[in-house]
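Have the structure open while you read.

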Amino acid sequence: MKSNRHVVIIGNGISGVTCARQLRKLDDQVNITLISGESKYFFSRTALMYIFMGHMKFEHTQPYEPWFWEKNRIDLKEAWVSSVDFDLKVISFQSGENMAYDDLVIATGSKPNKFGWPGQDLIGVQGLYSKQDLESMEALTSQGVGRAVIVGGGLIGIEMAEMLAYKKIPVTFLVRETGFWNNILPKEESDLVGRHIREHHIDLRLEEELEEIISDENGRVRAVQTKSGDKIPCQFVGLTAGVSPNIEFLKNTPLNINRGVKVDLQFKTNLPNVYAIGDCAEFLEIPAADRKPIEQVWYTGRMHGETLAYTLAGKPTTYRPGIWFNSAKFLDIEYQTYGTVPATWDEENCNSFYWEHESGKVSFRMLLSKKGEILGVNNFGFRLRHEFFDKAIKEKWNGEKVVSNLAKANFDPEFFAPYNIEIQKAFNSQFGTSIQLEKRSFIQKLFGASV
Amino acid sequence: MKLIQKIGILLFLVGIGTFTLIPFLGSYQLDKKTVLENTKDIHQEKMSEVLEPMYGEVYNSNFGFISAFKTNFNNYNDGLKEQSLWDQVIWDDYSFPLAKAALSSPVKENPWLFLMLSIGLAAIGGLLYNLPKHRDEPAGVKNNGVFHSAMKNRGWMGMITGAYLILFYIILYWFPAYIVNLVSMVDPVSMILSGNPASQWFLYGLIYTLAILVMGIRMFRKYRGNRYQQLRTASVMFFQTAFAFLIPEILVLFNQPYFDFKNIWPLDYDFFYDYQIDTFLSAGGVGMFMLIWGILLIIIGVPVFTYFFGKRWYCSWVCGCGGLAETVGDPYRQLSDKSLKAWKYERVIIHSVLVLAVVMTLLTIVNYFSGFSLLGNVTNQLHSFYGFAIGSAFAGVVGTGFYPFMGNRVWCRFGCPLAAYLGLVQRFKSRFRITTNGGQCISCGNCSTYCEMGIDVRWYAQRGQNIVRSSCVGCGVCSSVCPRGVLKLENNSEEGRINELPIIIGNDSIKLNA
């Protein structure tokens, strides 16, 4: 491997940036170029909503100051890639320029799904993924929007609903399923979030689908027609029915693509010196039993980048994800999950423990194997420690051990209500165990913290 | 906005407007008796002579009176200075007591009425505005629109507010004679508390305390459902009202030295000044207790409490400057500079102030015990330099006046020598840290944006590293605004406090260190 080789990374999202940073740590010599047409400097995509709502400005979402890239000798190229010549190892930009590479990393992320709905390309209809999407949404909702409709009940959908609510735009939220995000969340959790959505005066309509988006005389959305026959007048439509790999420019090349760029567990494509990571990569075989061929989460993107950097630095490394974890925030309610808690499970093989606070906004679920070993947890409205559950799940603790140690798992700020005690009571009563209840700390007693 | 909040804003503006107009009311008339009553024995004769041309004249504005006073007074002093008769020059500034005594105004005659119309209306207006806040919303992070606000994002409202504050501090520190009307207005309150007429410092203390209380209520509303934020806000409200405002005044009522039991050297930079020591030593058992208490806080209180809880025990739970920053300053916390460059400046400046304060104090003490034979009056000049540059200009004018420009902790971050001392303990010997929750960080930037101390919290959080920084005042807002539950303020064993955890838990492909 020549020491001054040129590694070019297309895409400066979390996957590409992590890969570049990690590679620089491992290899002082290699030339690294990060390409992005979206934004010269890396920003946190997950924070776009906060810019819209005025919590932050765009520059606040950039985790590194501009000097960082120079100091670490990571070249930034602000341009859109139009095509790649894999034989000549040359990238062409829309501007007409070219760039040669020795190793190429494709980390181009996703784009919002459009399922061929009539009217999906009208003015006022968009998804939310990129910085440009945010700018478009800001422009489209600056005035004259009396109502907005959001189609598709996932994480971006609820973010968009919250954003529009900030502008006091009434929102109708069309969700095809019987509960919000209930392909991921079990019924109770899905209901919990659904209630909270309605508490925020968002018109959540379950089992409702988009039929057609209707145009006015200027090609702008005027109304949405639903499958149940409702016609909802609106001036903005958010399409948030998932995302798919952003690999348009790689079609009809020697590169093996399906929904995403096909890669093995070392992120190698079918072509030498070409790799793909993050949302745009599709594994030939799934990396673990509980994983999907396309992983579209911030955290997995980071792990992909981190792992590939080792391979690029001459230490071939296979992607072996550990215990699954994820988190989100639904309006005011935080959600974390560790391990495996699917939306539904086989009662034959699993026991579920579920506790919900009387407020209906705090809950804890633990899924157990029939042997009583912890498989995973969902927690809403309070915080749990990642390290604790990573260990508990890896070491297959039984549920009783987990619950009796819950105080150690607590990650809520000081003086917050001691939910762990309520959870222990509920666990004892469901499973007939006699776990010694944890005591409220002196401070909690002093300040009267109770659930 | 609800109607009641609109009324609140209106009342607040009327109150501020009245407050601003009051200094221009009334007239000033000086006679010999007043001069004799308000000057030191050694100056009585000269002053009554120097000011003679003013007797009987009626001045219709503070400007006219003060300008006449200055003309006469400076004529006299300048003449002596030209002849180098330094020992005859009068160095005391009598403009404030004389202006206050010479004043006759409706404010002086009806102090309670004007107090209600100015500070009273502003406080009531503030409460009416704050109390209904977020009433119809579920508890949660309330940062909507912060960067779209003309007040909170260096817009025109922030500019006006900052300019007003700066002007107020300049007048308060260096030109108090212009606001004797306002001081007279709070005389009756001062008489009730301490049995003495008010000084400009009493006026300041009253406004300061009310501001913390009214904006503390705002914090309760904003952080509904967050007990950490509510408790520490209640704590600063209590310490300001009781320890900083009421107790010192009541001590004076009982003929004891004015003393703030929670103010600690070197923030309380004149604690070891000769006149302070003399006061303590001449006040019997109580004075001795104050002296010993103050010293114990410095040598035992600070290190022990900071070891167990971090510097937050003081900076965001007890301190008066911190109290103002955390309540009145809370709307501006996002304006602090997070750049690496700012951090470099911060370290140099704050530790320089600490060194300056320590050197000044040591010289003062040595000089005191040597019976002023060592340095004579040099320490006095050092004191006036420090008082002017650090105590007034930095802590007051910049520290508070710059809230709307540079965030609410400019003084605490760049200037406070006590914060520097607490910070050294926190950095090198403490159980306090902010832990990050494994791999859950999404680098969104809310924590860094809302860190009033300008710490780039995200830098640590995204690599799974604990945050151990001398400047962290433990306000806990990074943890409050984190949308993924990543940050937690903790006191725990020192082992592993400065950690080198794997970057992300959950990737078994590799194990690496931050």
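**Notes on the two chains**

1. In chain A, the C-alpha centres of domain 1 and domain 3 are 36 Å apart. Domain 1 covers 6-111 + 244-312, domain 2 covers 125-241 and domain 3 covers 325-446; these bounds come from an automatic or database domain assignment.

2. A word on the ground rules: this is a predicted model, where local features need pLDDT of at least 70 and side-chain atom pairs count only at pLDDT 80 or more, while totals for chains, interfaces and linings use all residues. Residues are numbered from 1 along each chain as its sequence is written, with chains lettered from A and ligands numbered from 1 in the order in which they are written.

3. Now the contact between the chains: chain B puts in 41 residues and chain A 47, contact meaning C-beta atoms, placed from the backbone, within 7 Å. On the chain B side, α12(B) gives the most, with three residues (helices are DSSP runs of H or I, at least four residues, numbered from the N terminus).

4. The largest nonpolar core has 249 residues, and I9(A), V105(A), V237(A) and C478(B) touch the most other members. Such a core is a set of buried Ala, Val, Leu, Ile, Met, Phe, Trp, Tyr and Cys residues joined through C-beta atoms within 7 Å; buried means 20 or more other C-beta atoms within 10 Å of a residue's own, with C-beta atoms placed from the backbone. Helix α11 of chain B (200-222) gives the most to this core, ten residues.

5. Look at V105(A) too: leaving aside neighbours within four places in sequence, its contacts include V7(A), I9(A), Y275(A) and L308(A).

Definitions and conventions:
Contact = placed C-beta atoms within 7 Å. Helix = DSSP H or I, 4+ residues; strand = E, 2+ residues; numbered from the N terminus. Buried ≥ 20, exposed ≤ 12 C-beta atoms within 10 Å, placed from the backbone.
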